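Hi,

Here is the structure I promised to pass on. Have a look at it first, and then read my notes below.

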Amino acid sequence: MLTEICHRNIVKLHGFCLHKRCNFLIYEYMDKGSLFCALSNDAEAQELNWGKRVNIIKGVTRALAYLHHDCTPTIVHRDITSNNVLLNSEMEAFVSDFGTARFLDPDSSNQTLLVGTYGYVAPELAYTLTVTEKCDIYSFGVVALETIMGKHPGELISMLSKPSALEMKLKDVIDQRLGLPILQRETHDVILVTTIALACVQYTPKLRPSMQQVSQQLSISKPPLAVSLHEISIQQLMNQNLYLVDNN
């Protein structure tokens, strides 16, 4: 599968070595390591300004849209995390680690063992054990929120059903190490990405958008809300999810 995948936002497999005692996969080298490490280091996190963070999310979007919509059969990664998003010297994002990836069989139930990384696994996998593209989309939403917040959004996601969380302001949720975005374009992008990410982590799989829809929404020029970043609440962004729902 890896030898057939060719996309600018997926780490390239150059070759492999098989030995009776060990196996080696030889990948393209990523200078800046993982997104997780970059966000965990204060100096590197500040180097990841809002524009770079949005571009990272767009890169992951392109990679997943390719796997879900341009590959036949569809490929589901099953372990999209900030550790498996690698950065090159230009801070461009590359999806890596396809050790748990699998093809989706339209003639099968696609039931599987529960795999993935705690905190990124879609909730439905715990009781259905059926893998779909929506599982990757949930994980993508977690990574997108993590990129905007500068930390894993587990606490926020667990509180989304509570009124107190919905009243929180976006300005208080985003990574405080960067400060608020100043440029109008960056402000628009942060609002849009957060809106999309919240749609992707919805508990009900059918309410999540497809990666094709996510890609389309990231390319629009109109902001989801025409209000100041200081005024926007999580509840307002959650209400904007309606225009992202996948009806397929």
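**What I found**

Helix 5 (residues 133–149) gives the largest share of the lining of the largest cavity, with 3 residues. Before you go further, keep in mind that this is a predicted model.

**The cavity**

If you want to find it on screen, pick out the residues that line it: R78, V115, Y120, V121, A122, L125, V131, C135, D136 and S139. Sorted by class, that lining has 7 nonpolar, 1 polar and 2 charged residues.

**The pockets**

Next, the largest pocket, which has a volume of about 470 Å³. Its lining is made of 23 residues, and those nearest the centre are V121, P123, Y138, I157 and S158. Which helix gives the largest share? That is helix 6, with 3 residues. The classes are worth a look here: the lining has 15 nonpolar and 8 polar residues, but no charged ones.

The second largest pocket has a volume of about 170 Å³. Around it you will find M149, K151, H152, P153, E155, L156, M159, M168, D172 and V173. Helix 6 turns up again, giving the most to this lining with 3 residues. Helix 8 (170–173) also takes part, as helix 6 and helix 8 each supply at least two residues. By class, the lining of the second largest pocket has 6 nonpolar, 1 polar and 3 charged residues.

**How helix 3 packs**

Now over to helix 3 (residues 50–70), which packs with helix 9 (residues 184–200) and also with helix 5.

Take helix 5 to begin with. The angle between helix 3 and helix 5 is about 175°, and their axes are 10 Å apart. Angles over 145 degrees count as roughly antiparallel, and helix 3 and helix 5 are therefore roughly antiparallel to each other. On the helix 3 side, the contact is made by W50, R53, I57, V60, T61, L64 and H68. Facing them on helix 5 are E133, D136, I137, F140, A144, T147 and I148. This contact has 8 nonpolar, 3 polar and 3 charged residues.

Helix 3 and helix 9 pack at an angle of about 40°, with 10 Å between their axes. That angle makes helix 3 oblique to helix 9. As for handedness, the two helices cross in a left-handed way. Here W50, G51, V54 and I57 of helix 3 meet E186, D189, V190 and V193 of helix 9. Class by class, this contact has 5 nonpolar, 1 polar and 2 charged residues.

Methods:
Residues numbered from 1 in each chain as written. Predicted model: local features only at pLDDT ≥ 70, side-chain atom pairs only at ≥ 80, totals over all residues. Heavy atoms only, no water. Axes fitted to C-alpha atoms, helices over the stretch in contact; angles between N-to-C directions. Helix = DSSP H or I, 4+ residues; strand = E, 2+ residues; numbered from the N terminus. Parallel < 35°, antiparallel > 145°, perpendicular 65-115°, else oblique. Left-handed = near helix turned anticlockwise from the far one by under 90°. Contact = heavy atoms within 4.5 Å. Nonpolar A, V, L, I, M, F, W, Y, C, P; charged D, E, K, R; others polar. 1 Å grid on protein atoms, 1.4 Å probe; cavity = no way out; pocket = protein on both sides within 12 Å on 5 of 7 lines; lining within 4 Å. Points joined across faces, edges and corners; volume = space filled by probe spheres on them.
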